[in-house]
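Visitor: Please take me closely through one part of this model, the packing of helix against helix.

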Amino acid sequence: MLYTHVTGTFRAAALVLCLTGIAAAQNTPQNTWIRVTTVKVKPDMVQEWRDITKNEIMPAYKKANIAAYAVWQTSIFGDSYEYDIVVPISKFEQFDGDSPMVKTMKPEDRVRLANRLNKCIVSSHSAGLQMQADISLMKEGARPDLIMVSQVQLQPKNVNAYLSHLKEDQKPVMQKAGLEWWLVYRDIFGSEHTQITTVRSLKNWAEIDAGPIMRRLLSPPEYTRISEKGSALIESSTISMGRLVRDLSY
């Protein structure tokens, strides 16, 4: 659902974030850090992995007072057996202590759980992303089920210019469109430092049929100008779709 090039809902196939619990926990965007763990599950072990997540891992995170735990699955396009697990990073000092599993489970139970998980998982990779609050948009109480995740790879010299482009050229259009979420993240730990991830909420798949937001809301000359400006800064880009797995999230 997030290299090493991480693919998944959050990552180069779309997240992000992101983020249902995070969105509920804050009314306005802040420079929120999130940890995105992309897990590839064996096809014949999906139900076992989901049961473990729902009945063992999620309760442990709640008991450890982790503010949010959201699972996103690649939807329609991409690897159906990849999931992105998104949790907030309140402070990095939280990693100096014991993990939620260590805090809440007996050693023998952790060993049992680890053995079960090892039978389910093909691979796992985590990345740390920081929201760019001055660029992002988030409506209070929004809890989208469907997201579009765009990831762009840039030359180091173009990162700041691209962030300025998002803020000055694209954000006003996204505001006009009334999106519930338009979240901009900079990849910092565990992935390319020159990668920018944006997460856009959708009400349904039919929204895509109407065409790109920028093309719909801008005049043809302005759309061309802004598109060419952004394209000149980008080395490569990918888009993926993700759907929230509500019974595995809080």
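**Two helix pairs**

Guide: In this predicted model, helix α2 crosses helix α4 in a left-handed sense (the near helix is turned anticlockwise from the far one by less than a right angle). Helix α2 spans residues 46-63 and helix α4 residues 107-120, and their axes come within 9 Å of each other while crossing at roughly 150° (axes are lines fitted to C-alpha atoms over the stretch in contact, with angles from 0 to 180 degrees between N-to-C directions; helices are DSSP runs of H or I, at least four residues, numbered from the N terminus). The two helices, α2 and α4, are therefore roughly antiparallel (an angle over 145 degrees). On the α2 side of this contact (heavy atoms within 4.5 Å) stand Glu-48, Trp-49, Ile-52, Glu-56 and Ile-57, and these meet Arg-112, Leu-113, Arg-116, Leu-117 and Cys-120 of α4. By class, the residues of the α2 contact with α4 comprise six nonpolar and four charged, with no polar ones (Ala, Val, Leu, Ile, Met, Phe, Trp, Tyr, Cys and Pro are nonpolar, Asp, Glu, Lys and Arg charged, and the others, Gly among them, polar).

A second pair is formed by α5 and α8, which pack at an angle of about 160° with their axes 10 Å apart. Helices α5 and α8 are therefore roughly antiparallel too, and α5 passes α8 in a left-handed crossing. In this second contact, Tyr-162, His-165, Glu-168 and Asp-169 of α5 meet Arg-225, Ile-226, Lys-229 and Gly-230 of α8. The contact of α5 with α8 is made up of two nonpolar, two polar and four charged residues.

Residues are numbered from 1 along each chain as its sequence is written, and side-chain values use heavy atoms, leaving out hydrogens and water. Because the model is predicted, local features need pLDDT of at least 70 and side-chain atom pairs count only at pLDDT 80 or more, whereas totals for chains, interfaces and linings use all residues.

Conventions
Parallel < 35°, antiparallel > 145°, perpendicular 65-115°, else oblique.
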